[in-house]
Amino acid sequence: MPADNHALELAGTAAAAFRDAYGTEPEGLWASPGRVNLIGEHTDYNDGFVMPFALPFYAVVAAARADQWSFHSTYGDGETRTSASLDGVDGWAAYLAGTAWALNESGYPVGPTRLALHSDVPVGGGLSSSAAIECAVLIALADLYGHDIDRAEAARIAQKAENEYVGAPTGVLDQSASLLCEAGRVMFMDCRDLSREQVPFDLAAEGLAMLVVDTQAPHRHADGEYAQRRADCEEAARQLGVASLRDAPKHAKLDDERLNRRMHHVVTENERALKTAEILRSGRVRGIGELLTASHTSLRYDYEVSSVELDCAVDAALGAGALGARMTGGGFGGSAIALVEADAIAKIEDAVTGAAAQAGLPAPRIFTARAAQGAHRVA
Ligand code: GAF
């Protein structure tokens, strides 16, 4: 499959950054995208269902084998770090070093490499900027060191980098999306075994569009809260005597009110994801709107991971006629999505921007999403 055009443009910058930093040519260029999750939120670490599609924002890595590890990025002041080993690398470079470490730990040995990273996945936008970096580095190192790794296994390895090296206790959604999504498709995936189906997703053909509203709101206490939600789910599953909330009986009830709400979100979100897939398969795309909105309500009240900015964007989009809207990703800031009639884009954008201004919130960045290509070698 040819490289995504936008990934190709970014690759030019990554290659130039590599030359500036190291004075030599890279051996190749690899790109991996950010994502939107259409539905199936906070279900991945409960063995549930997710439905991401890739966005045409990419992390691109230029790389060449060398005698020591070097990490360069166009973030910030374009810093280069060198390291004799993969131990204790921190900050943005941890995503690169951690991925190399996870490959080694997983039986795919990789050696010292020079890497230069350029990415336009918005950082902190809830669109999976860190997984995009990990996955770009992973396919780069796998190619350079001759490892043919199944993409689902690769997603688990990138997740290991995030969990055990970077230290964020995330599920497998973001890495799977970045590595496995296909252009023009939304991926319906069962996180229990990573089995998946690529469902056609051509909104323009239906006269529809998906708006992404990046609220520009910084994540607040996100890491601790995320870990707390995971712990709640594990405790709820333990009390029910099931391996994960995926297996919670339909009308189960727990004495603890908070755990009960967490469980209710996961159970109903899995049902919504299944229904969304069914509706999309039958080609009745408009029918998913209500499910998206119900997902947001559940995340807002039962799971408590939304924010003032996300609620403002969702309410304003719905008020201006969106067919459905919800937060996407981990929450506590980041981005919302809205399914809209194509001829209502401007009206809904204005309503969302106006509502943020009126509430004294940061001006959101709004764009129309297309389902882009997953991780691939660019050159
Ligand atoms: C974040 C995590 F990284 C994912 O694993 C997933 O849990 C998501 O939040 C919520 O669905 O993006």
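In which loop is Leu323 found? Leu323 sits in the loop between α9 (308-319) and β10 (324-328); helices (H or I, at least four residues) and strands (E, at least two) are DSSP runs, numbered from the N terminus. The model is predicted: local features need pLDDT of at least 70, side-chain atom pairs count only at pLDDT 80 or more, and totals for chains, interfaces and linings use all residues. Residues are numbered from 1 along each chain as its sequence is written.

Leu323 counts as buried because it has 20 C-beta neighbours inside 10 Å. A residue is buried if 20 or more other C-beta atoms lie within 10 Å of its own, exposed if 12 or fewer, and partly exposed in between, with C-beta atoms placed from the backbone. Leaving aside residues up to four places away in sequence, Leu323 touches Arg286, Gly289, Leu339 and Val340. Contact means that the C-beta atoms of two residues, placed from the backbone, lie within 7 Å. Asp343 is 20 residues from Leu323 along the chain, and their C-alpha atoms are separated by 13 Å.

The domain assignment of the protein chain gives domain 1 (5-199 + 373-377) and domain 2 (200-369); such bounds come from an automatic or database domain assignment. The C-alpha centres of domain 1 and domain 2 lie 25 Å apart. Across the boundary, 30 residues of domain 1 are in contact with 41 residues of domain 2. On the domain 1 side, the elements that give two or more residues are β1 (28-37), β2, β3 (52-65) and β7. Strand β7 supplies the largest share of that side, 3 residues. By class, the side of domain 1 that touches domain 2 has 16 nonpolar, 10 polar and 4 charged residues. Here Ala, Val, Leu, Ile, Met, Phe, Trp, Tyr, Cys and Pro count as nonpolar, Asp, Glu, Lys and Arg as charged, and the others, Gly among them, as polar.

Strands β2 and β7 also belong to an open sheet of 3 strands, ordered β2-β7-β8 with antiparallel pairing. Its edge strands are β2 (49-50) and β8 (195-200), each of which pairs on one side only. Two strands pair if DSSP finds at least two bridges between them. Between β2 and β7 (residues 185-190) there are 2 bridges, and Val50 has Met189 in β7 as its bridge partner.

Another strand to trace is β6 (residues 113-119). Of its 7 residues, 7 are buried, so β6 is largely enclosed by the rest of the structure. Thr113, Leu115, Leu117 and Ser119 lie on one side, and Arg114, Ala116 and His118 on the other. Strand β3 pairs with β6 in the antiparallel sense over 7 bridges, and Ala64 stands opposite Arg114 in β6. Strand β4 (residues 69-73) pairs with β6 in the parallel sense over 4 bridges, with His72 opposite Ala116.
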